[in-house]
Amino acid sequence: MLIVFILFGMVVGAVVGSFMGLVLIRLPDGRPLVMDRSSCDTCDKELQPIELVPVLSWVIQGGKCRECGSAIDRWQLAAEVGGALIGAVSVWLSWFPVWAMMLGWQLLLLAMLDLRHMWLPRQLSALLGASGALFALVMGYWANDPMVLVQSMVGGVFGFTALWMLGQGYLMWRGQEGLGGGDPPLMGAIGLWLGPLGAIHTLLVASLAGLAVAGVLWRAGREIRPDTMLPLGTLLALAAWPVFLWQAI
């Protein structure tokens, strides 16, 4: 029976991932997300239902538009596969699969936006924070423990403040911005989901991941300097979801 639920989570996740891929491609350009027909980004051909099946359509078509033969954005496939994996793993490992999916999908979209565009939309971070506060409220009511909500609020304040102070300290030290403006709000939203201890773990894991990425780039021959830009939001998002799953076990 568990296998059935995992497969169901995977299918739902792929569908959600398909929409996230749409958001990833269209949101930075200010294009409509839900009131516009799905079409090829190159030839503008309206896509048929058979061409909109997550993952399978990309594989069957060889990653190309059937009309003009242009390559379909690989980020679309990445979003669909990532969404499917989050759905499957949430059902498999989490006691709160719906909440784990909700958090994972939002973090995946933010991670991809920062990785591709170096952009963390404040409205998406606000939505992540609001859903985190709702999660704490529901969990606190279910456990009859108001401290769950208190810890969520403390985590949100701590997460935002920690990165904001780090950014201000770097600015005073180096005389230039060291963090993107969207990083503190994202960390604050993560803190609302994970609480102060989870926020600390997320910062630690993201920092170690950043050092690993810098090491790989250095070994590949890229010069690493104090002003070398890394997508911190991506690292925070990718670190936060495993921390949530670990806390929920």
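A residue is called buried if its relative accessible area is under 20%, exposed if over 50% and partly exposed in between, with a 1.4 Å probe and protein chains only. The model is predicted, so local features need pLDDT of at least 70 and side-chain atom pairs count only at pLDDT 80 or more, while totals for chains, interfaces and linings use all residues. Residues are numbered from 1 along each chain as its sequence is written, and side-chain values use heavy atoms, without hydrogens and water.

**Exercise 1.** Classify the ring pair of Phe96 and Phe135, and state which parts of the chain the pair ties together.

*Solution.* Rings of Phe, Tyr and Trp (for Trp, its six-membered ring) pair if their centres lie within 6.5 Å, and planes under 30 degrees apart count as stacked, over 60 as edge-to-face and the rest as tilted. The structure holds six such aromatic pairs. For Phe96 and Phe135 the centres are 6.2 Å apart and the planes stand at 75 degrees, so this pair is edge-to-face. Phe96 lies in the loop between helix H3 (74-93) and helix H4 (97-117), whereas Phe135 lies in helix H5 (residues 122-143), so the pair ties together parts that are 39 residues apart in sequence. Helices here are DSSP runs (H or I, at least four residues), numbered from the N terminus. Phe96, at 23% relative accessibility, counts as partly exposed, while Phe135, at 9%, is buried.

**Exercise 2.** Describe how H4 packs against helix H8 (residues 232-248).

*Solution.* The axes, which are lines fitted to C-alpha atoms over the stretch in contact, with angles from 0 to 180 degrees between N-to-C directions, lie 7 Å apart at an angle of about 165 degrees. That makes H4 roughly antiparallel to H8, since angles under 35 degrees count as roughly parallel, over 145 as roughly antiparallel, 65 to 115 as roughly perpendicular and the rest as oblique. The contact (heavy atoms within 4.5 Å) includes Trp99, Leu103 and Leu107 of H4, and Ala237, Trp241 and Phe244 of H8.

Notes:
Helices (H or I, at least four residues) and strands (E, at least two) are DSSP runs, numbered from the N terminus.
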